[in-house]
Amino acid sequence: MIKLVNLKKVFATEEVETTALNSINLEVNEGEYVAIMGPSGCGKSTLLNVLGLIDQPTSGDYFFLGQEVSKFSERKRASLRKNNIGFVFQSFNLIDELTVFENVELPLLYLGLTVAERKKRVSETLGHMALMARRNHFPQQLSGGQQQRVAVARAVVTKPKLILADEPTGNLDSTHGEEVMKLLGELHEQGTAVLMVTHSPVYAEYAQRIIHLFDGNIVSENIQKPFKI
């Protein structure tokens, strides 16, 4: 599904040049569950942004679903992204002025689905996430755990092949954090690939593989039997 070859990302100003990712070589198979770990500033979020086609690498190759996408225009990246990738962020990134239903429906608007199909997909997704009773609530009326479940629902309603999760439990207590980890685990079991950035060694144990980054380099990879909730 994903193949990175000597991928680099450099941020440059007039005064300084910073290498965020340094000659990364990485492969992720369809349906795989991978955790990415490392200290703050090591390049984890930058790697997720490149993988999510939000940012472009400075050099190297990025193959996604068999296509070399590193030089794609923003329009082509956006098209590939909205049809194949779902995002879950630490800060939820819900729109306060929209209801739970409308927040989850939003990605479907960009896919051009009919009203009936959007309603069907959102209702099914909210039902699976045990959120139908909250469908007309606004984000500020929900707990942190409920908001993150809405964010997961929004990420999966398009039925993406890949979920990118950036510290998805970072703003949650342990109980709600485990709920989100269970949801990600269920998505993986259903065949969705999951790449998760985390600082938590405990939550990293849910993945099949742990990649450790340091100063923009992959310094180790551990293959393991994932922990089951």
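Tutor: Contact here means heavy atoms within 4.5 Å. Helices (H or I, at least four residues) and strands (E, at least two) are DSSP runs, numbered from the N terminus. Helix 2 (residues 74–84) lies across strand 6 and strand 7 (162–166). Its direction is at about 80 degrees to strand 6; angles run from 0 to 180 degrees between N-to-C directions, with axes fitted to C-alpha atoms, for helices over the stretch in contact. Helix 5 (residues 144–156) also lies across strand 6 and strand 7, but at about 165 degrees to strand 6.

The model is predicted: local features need pLDDT of at least 70, side-chain atom pairs 80 or more, while totals for chains, interfaces and linings use all residues. Residues count from 1 along each chain as its sequence is written, and side-chain values use heavy atoms, without hydrogens or water.

Now the sheet. Six strands form it, open, in the order 6-7-8-3-9-10. Pairing (at least two DSSP bridges between two strands) is mixed. Strand 6 (85–89) and strand 10 (217–223) are the edges; each has a single partner strand, so one side of each lacks a neighbour in the sheet. From one strand to the next, the twist averages 15 degrees.

Strand 9 (residues 209–214) pairs with strand 10 in the antiparallel sense, over six bridges. There, leucine 213 has isoleucine 218 of strand 10 as its bridge partner.
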